[in-house]
Amino acid sequence: MGLGKGTLESLVMSKLASFYRGKRVLVSGHTGFKGGWLSLWLNHLGAQVYGWSLPAAASPNFHETMPNGLFSGEFLGDIRNEEIGRHALLQAEPEIVFHLAAQALVRRSYHEPLDTFSVNVLGTASLLERLRERGKPCTVVVVTSDKCYENVERTKGYNEDDPLGGHDPYSASKAGAELVVQSWRRSFFQPQNLGSLVSARGGNVIGGGDYAEDRIIPDSVRALLRGEAISLRNPSATRPWQHILDCLSGYLLLAQKVSEADVDLQLMGAFNFGPSESANRSVEDLVKAFFHIWPGEKKTCGDIQHPHEAHFLGLDTEKAHKLLGWSPRWDFDTAIKETALWYRARHVDRVSNMSQFSIDQIIKYETVQA
């Protein structure tokens with residue numbers, strides 16, 4: 001008798017727990033939104049988690065909700081700092097590295113283009129160079145962005161073989177980070193047997209605990225808490241909206257698969273992790289769905305001078321599905337619901353133990369059928 005779909009997915013999660021239990025894992029950008037959730041999930045899986053990042057940029061933030069003692073070690077400092085990098089690697093002795101430290105905001109990149117390129121391109125190169133100096137094999141997953149592709153405003157999703165590019169400094173810097181990964185993999189990691197070096201390109205991630213500026217969900221939450229209407233800059237813009245746990249499950253599975261592979265070149269390179277096509281929705285659709293859970297008001301922004309942003313953006317995830325067995329689990333409505341419930345729990349219901357609330361969402365995600 002064959003295994004059902006739900007059984008297979010349970011096996012995937014069971015294998016993840018078996019793989020990560022006791023592993024030494026370094027997460028750069030651990031004080032950020034994605035890095036915080038990833039660190040919490042790794043700890044839940046039984047890994048020894050080390051973090052390297054600047055202090056959390058926003059207040060409030062997700063990092064402050066995490067339990068004491070989660071990290072086996074935390075190193076606070078710039079990803080470009082060579083001394084901190086050497087110290088972090090010496091102390092952590094990582095078997096797996098997830099690199100998420102970045103300047104992650106498109107609109108900020110217009111105001112700080114040089115710093116955006118420096119952090120996202122040179123910061124990636126600096127980390128990889130510290131790993132090369134260390135000379136010990138490990139698995140490295142560099143997280144870039146779905147915006148690294150040369151966007152030609154097509155409705156068909158971009159795949160990993162499409163040209164890199166970027167109109168704005170942020171997108172171009174992520175394309176540059178991809179080229180750095182490709183260069184270090186071909187020049188150093190493969191020839192010197194330093195382990196697997198891959199990149200992960202996620203969709204537009206939503207979830208509880210994101211407080212960044214100029215992002216639609218955090219902006220909506222701030223407006224709701226102030227009793228104000230949310231301004232929509234580009235309500236018809238379409239994005240591949242995806243819950244953070246869907247995205248991170250891809251990163252976790254990718255690191256596991258390439259660690260277990262015997263230098264399988266098919267598993268070297270870039271991987272897209274995006275939602276199903278039905279989750280490619282407009283900004284206005286997203287806000288309407290969010291306000292269905294947490295009622296609020298919206299208005300179209302009258303400022304027509306905002307910087308250029310792509311209108312259509314989607315991802316083709318066939319490679320991840322075929323080679324990794326990965327697929328998204330939470331649909332658009334579930335992603336919105338779980339996101340809204342997290343913010344309501346913290347800011348309306350005043351839940352005292354938000355770390356347990358977050359872990360409960362992880363457990364809910366692990367047990368659901370796709």
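Two strands pair if DSSP finds at least two bridges between them. Strands themselves (E, at least two residues) and helices (H or I, at least four) are DSSP runs, numbered from the N terminus. With that in hand, E7 and E9 pair in the parallel sense over 3 bridges. Val205, for one, has Gln242 of E9 as its bridge partner.

This is a predicted model, where local features need pLDDT of at least 70 and side-chain atom pairs count only at pLDDT 80 or more, while totals for chains, interfaces and linings use all residues. Residues are numbered from 1 along each chain as its sequence is written, and side-chain values use heavy atoms, with hydrogens and water left out.

## The whole sheet

E7 and E9 belong to an open sheet of 3 strands, in the order E7-E9-E11, with mixed pairing. Strand E7 (204-206) and strand E11 (280-282) are the edges: each has a single partner strand, so one side of each goes without a neighbour in the sheet. From one strand to the next, the twist averages 50 degrees (axes are lines fitted to C-alpha atoms, for helices over the stretch in contact, and angles run from 0 to 180 degrees between N-to-C directions).

Now for a residue in E11: Asn280. Is Asn280 buried or partly exposed? Asn280 counts as partly exposed because its relative accessibility is 25% (buried means under 20% relative accessible area, exposed over 50%, partly exposed in between, with a 1.4 Å probe and protein chains only). Asn280 also sits 6.7 Å from Gly314, C-alpha to C-alpha, though the two are 34 residues apart in sequence.

## A covered helix

Helix H8 covers residues 244-260, 17 residues in total, and spans 25 Å from first C-alpha to last, close to the 24 Å expected (1.5 Å times one less than its number of residues). Most of H8 is tucked away, with 14 of its 17 residues buried.

## One cavity

Searching the whole structure turns up 1 cavity of 30 Å³ or more. A cavity here is a set of points on a 1 Å grid over the protein atoms alone where a 1.4 Å probe fits but cannot get out; lining residues have an atom within 4 Å of a point. The largest cavity holds about 40 Å³ of space, a volume being the space filled by probe spheres set on the points.

Its lining includes Trp241, His243, Asp246 and Phe332. Strand E9 (238-243) and helix H11 (332-347) are the elements that give two or more residues to this lining, and E9 gives the most, with 3 residues.

Key: 1 Å grid on protein atoms, 1.4 Å probe; cavity = no way out; pocket = protein on both sides within 12 Å on 5 of 7 lines; lining within 4 Å.
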